[in-house]
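Here is a short briefing for a first look at this structure.

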Amino acid sequence: TPLRTGRPGTRAVNPYRLWYYDGTLYLIGYCHERKDTRLFAIDRITALQVTDRPFQIPFYFSTDDYFKDALGVYRGEAEEISVLFEKKAALWVRERKWHSSQTITPLRGGKIQLDLRVAVTPELMQWVMGFGAQVEVIAPVRLRRMVENEAWKVAGKYQKGKGNRLVRTKSGVGRKRAADDV
């Protein structure tokens, strides 16, 4: 069942590889409906039917190449990503290899700058948000705006008082009261 629609569908797929990532098993294969190599979460497959239709995995297919521009499972056009980590998060971030393209630049006060060449995806945004106030997106602006917009939505859920919510103002952050609170 596709996550996007929630409605079961039928797909003819030439299976290339099984791939395990972050607790989930995926099938990578050629989808005849989409006419492209696609990724399918095994947990969402409700039934299989083996056919006698022959196929060959393209000799040029490589799982590493398929995910080379991804920080996780979502793929897209690679962009230069630059993220600044405060000292507390920097200690942990520098211990891991997040992506083959990464470079880490030490900065004053124990901070670091992490540069990557990956696709800007919702998964990347969630990864950044996982560091909370210990991280700041420097580039690209599009990712910075994605994180900023999501942070506003999160902050809005935690405001106290009926109808009392954060709003953006020219001078920064302010509170807005609902008309029925006056």
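The model is a predicted one.

**The hairpin**
- β2 and β3 make a hairpin, and four residues lie between the two strands.
- Lys35 sits in the turn and has a positive phi of about 55°.

**The four-stranded sheet**
- Which order do the strands of the open sheet follow? The order is β5-β6-β4-β7, and the pairing is antiparallel.
- β5 (103–106) and β7 are the edge strands; each has a single partner strand, so one side of each lacks a neighbour in the sheet.
- On average, neighbouring strands of this sheet are turned by 25° against each other, direction ignored.
- Strands of a sheet pair through backbone hydrogen bonds.
- Four bridges link β4 and β7, which pair in the antiparallel sense.
- Leu84 stands opposite Glu136, a residue of β7.

**Helices across the sheet**
- α3 lies across β4, β6 and β7. Its direction is at about 165° to β6.
- α4 lies across β4 and β7. The angle between α4 and β7 is about 150°.

**What α3 buries**
- Which residues of helix α3 (residues 122–129) are buried? They are Glu123, Leu124, Met125, Trp127 and Val128.
- The cover over these buried residues includes the strands β1 (13–21), β4 (78–85), β6 (112–119) and β7 (135–139).
- Helix α4 (141–157) is also among the elements that cover them.

**How α3 meets α4**
- Two packed helices are described by the angle between their axes and the distance between the axes.
- For α3 and α4, the angle is about 60° and the axes are 10 Å apart. That angle makes α3 oblique to α4.
- Is the crossing of α3 and α4 left-handed or right-handed? The crossing is right-handed.
- On the α3 side, the contact is made by Pro122, Leu124, Met125, Val128 and Met129.
- On the α4 side, Leu143, Met146, Val147, Glu150, Ala151 and Val154 take part.
- Sorted by class, the contact of α3 with α4 has 10 nonpolar residues, no polar residues and one charged residue.

Terms used:
Residues numbered from 1 in each chain as written. Predicted model: local features only at pLDDT ≥ 70, side-chain atom pairs only at ≥ 80, totals over all residues. Heavy atoms only, no water. Buried < 20%, exposed > 50% of the residue type's maximum accessible area, 1.4 Å probe, protein only. Contact = heavy atoms within 4.5 Å. Pairing = 2+ DSSP bridges. Axes fitted to C-alpha atoms, helices over the stretch in contact; angles between N-to-C directions. Parallel < 35°, antiparallel > 145°, perpendicular 65-115°, else oblique. Left-handed = near helix turned anticlockwise from the far one by under 90°. Nonpolar A, V, L, I, M, F, W, Y, C, P; charged D, E, K, R; others polar.
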